[in-house]
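Please read them alongside the coordinates.

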Amino acid sequence: MSATIYKHEFRTHLRSVINWSVALILIILIYAYFFATFSEQAAVLNDALKNFPPQLRAAFGLDKVDMSTVLGYFSFIFMFVQLCIAIQASYYGFGLVSIEEAELTADFLLSKPVSRTQVLTSKLLAAISSLLITDLVVWVTSYISIAIFSAGHEYDARTFILLQLSILIFQLFFLGVGLVISLLVRRVRSVTPYALGLGFGAYVLNAFSGMLGDVKLELITPFKHFDTAYIVKTGGYDTPLVLLNVAVILVAVAASYWLYIRRDIPSVS
Amino acid sequence: MSIIEVTNLTKFYGKSRGIIDVSFAEEEGEIFGFIGPNGAGKSTTIRLLLSLIHPTSGSAKVFGKDVTRYGPELRRDIGYLPSEVYYYEGMKVIDLLKYSASFYDRDCTQRIKDLSDLMELELNRRISDLSYGNKKKVGIVQGLLHSPKLLFLDEPTAGLDPLMQRKFFNLIREENARGVTVFFSSHILGEVQRLCTRVGIIREGKIVEISNIRALQQNNYKKVRVTAEGLDPAAFELPGVTNMQTEDGTLNFFFKGDVNAVLQKISALQVEDVSIEEPTLEEIFMHYYE
């Protein structure tokens, strides 16, 4: 770990952290604002939802939860929070070493007296710190919005906290998997399509899993591992799936170190 | 002790050739010129020595230690000026230089000031606003600010105007006088001739010659030019004669060997004009490439 690289990396992420934080605050507050209306009209709404095609309801996770309860409604909001976090973490993962290589500053950095391990560790920690700041913003905003907009409805605080904490491991998946993919492909020219692909892809895989029939493809996506509706419904995590998630993260990060230490840094030719 | 010691170093990028079986050594305090056209493997060699890329086979040592194993430790005393300079576009020059200095455990503030004064580099400009030549200056200051013991210069003069080139050469000579070993890669022979004591010539990934510059010029080849009536090129088909060209009754060729053999042939002719001189490095170089 090199404090110098960490600081530099962290500063590089700062603007993106602010942008994502503002977006997330808006998403949470705006959706939470409508909760009062939802809960009052719960009966009407649930009737209306029944007329929707089941696939559509499944796609938005509306088949599993009762939108008239605080947590039921919040699990719906949190799915969008997860989607944003997934894209943000994927972006950091894919960009971690590839941006320097694409902009050809990697030669500058790696000709300094630092090891590849130090470089990768510093970069990973800076990205994780940036994600943690985003998490804090999400947590504080969620807490405030629920305090303001729950309108006296009861909810289980423990489940709420479990739901909030789920993004911690959730985002590491996208960071780690993004990183290892970026090291496996020859050259990442632009990070955005990769990040959107991984983030949305994982979301869609879970959302439309019902349509794929018996193929259990959704088991590989963190949106399933940390299914907000499941957490709210059962008041806990799906332990085997969370363990699977953690295993994927560990393998991805270990493989990333292995690949990065052996990597030939590309140059213009 | 050799500062750089390269033994049978080979690098392939997948199937495409980087360098093949390169071996050479550079002694302390030398300015070693590394000459070759674009794509010959000059940058590949330097990037291997900095362990930016890893060898396919063979080994390289800097300061007596293997570059792959001791890379971070060795790079404390290495300065590198890449051929293409790319820095963090959003940063200011001074911030980049401070970032660069923060990797070394010594205070580089005064040195940054001295070097940027010398190279007339404005410290408060944004990297993205700099011209290629100015970026090159950033590269020079960045490569020298920690007072390295070994300098890798990869085509360093591209983009610098002649005045700056001269300042830069003086700077390199001063560094060298202080004991800094310089590895100077270039395809411009004039500058190598001005600066280097020894040269290695690389062609299509392979070293074709390593020699003292003086030796290369004096002992190896003579450039012979004979103008005479009834000149018969065939008469000069001696061992050691190369690059023979006839032009309007004038015969040009390179000769390596006992010069008396040529003189005997010439003395048999009714000569109008004759010259025997040392070829420029440029001519030697072209000779290696044809």
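1. Two strands count as paired if DSSP finds at least two bridges between them. In this predicted model, strand 3 (residues 31-35) and strand 9 (residues 198-203) of chain B are joined by 4 bridges and run parallel. Within this pair, B:Phe34 is placed opposite B:Gly200 of strand 9 of chain B.

2. That pair belongs to an open sheet of 6 strands in chain B, ordered 6-7-8-3-9-10, with mixed pairing. Strand 6 (78-81) and strand 10 (206-212) of chain B are its edge strands, each pairing on one side only. On average, and with direction ignored, neighbouring strands of this sheet are turned by 15 degrees against each other.

3. Helix 1 of chain B touches strand 3, strand 7 (150-154), strand 8 (181-186) and strand 9 of chain B, and its direction makes about 150 degrees with that of strand 7 of chain B. Helix 5 (residues 132-144) of chain B touches strand 6 and strand 7 of chain B, at about 170 degrees to the direction of strand 6 of chain B.

4. Chain B also has an open sheet of 4 strands in the order 12-13-11-14, with antiparallel pairing. The edges are strand 12 (241-247) and strand 14 (271-277) of chain B. Strand 11 (residues 222-228) of chain B is joined to strand 14 of chain B by 6 bridges, and B:Arg225 stands opposite B:Ser275 in strand 14 of chain B. Helix 9 (residues 259-267) of chain B lies across strand 11, strand 13 (250-255) and strand 14 of chain B, at about 5 degrees to strand 11 of chain B.

5. In chain A, helix 7 (residues 116-149) and helix 8 (residues 157-184) pack with their axes 10 Å apart and at an angle of about 150 degrees. Angles over 145 degrees count as roughly antiparallel, so helix 7 and helix 8 of chain A are roughly antiparallel to each other. Their crossing is right-handed. Residues in this contact include A:Leu131 and A:Trp139 from helix 7 of chain A, and A:Ile167 and A:Leu168 from helix 8 of chain A. By class, the contact has 7 nonpolar, 3 polar and 1 charged residues.

6. How many residues of chain B are in contact with chain A? There are 20, and they meet 18 residues of chain A. Helix 1 (42-49) and helix 2 (67-74) of chain B each give two or more residues to this side, and the largest share, 3 residues, comes from helix 2 of chain B. The chain B side divides into 11 nonpolar, 4 polar and 5 charged residues.

Conventions
Residues numbered from 1 in each chain as written. Chains lettered and ligands numbered in written order. Predicted model: local features only at pLDDT ≥ 70, side-chain atom pairs only at ≥ 80, totals over all residues. Contact = placed C-beta atoms within 7 Å. Nonpolar A, V, L, I, M, F, W, Y, C, P; charged D, E, K, R; others polar. Axes fitted to C-alpha atoms, helices over the stretch in contact; angles between N-to-C directions. Parallel < 35°, antiparallel > 145°, perpendicular 65-115°, else oblique. Left-handed = near helix turned anticlockwise from the far one by under 90°.
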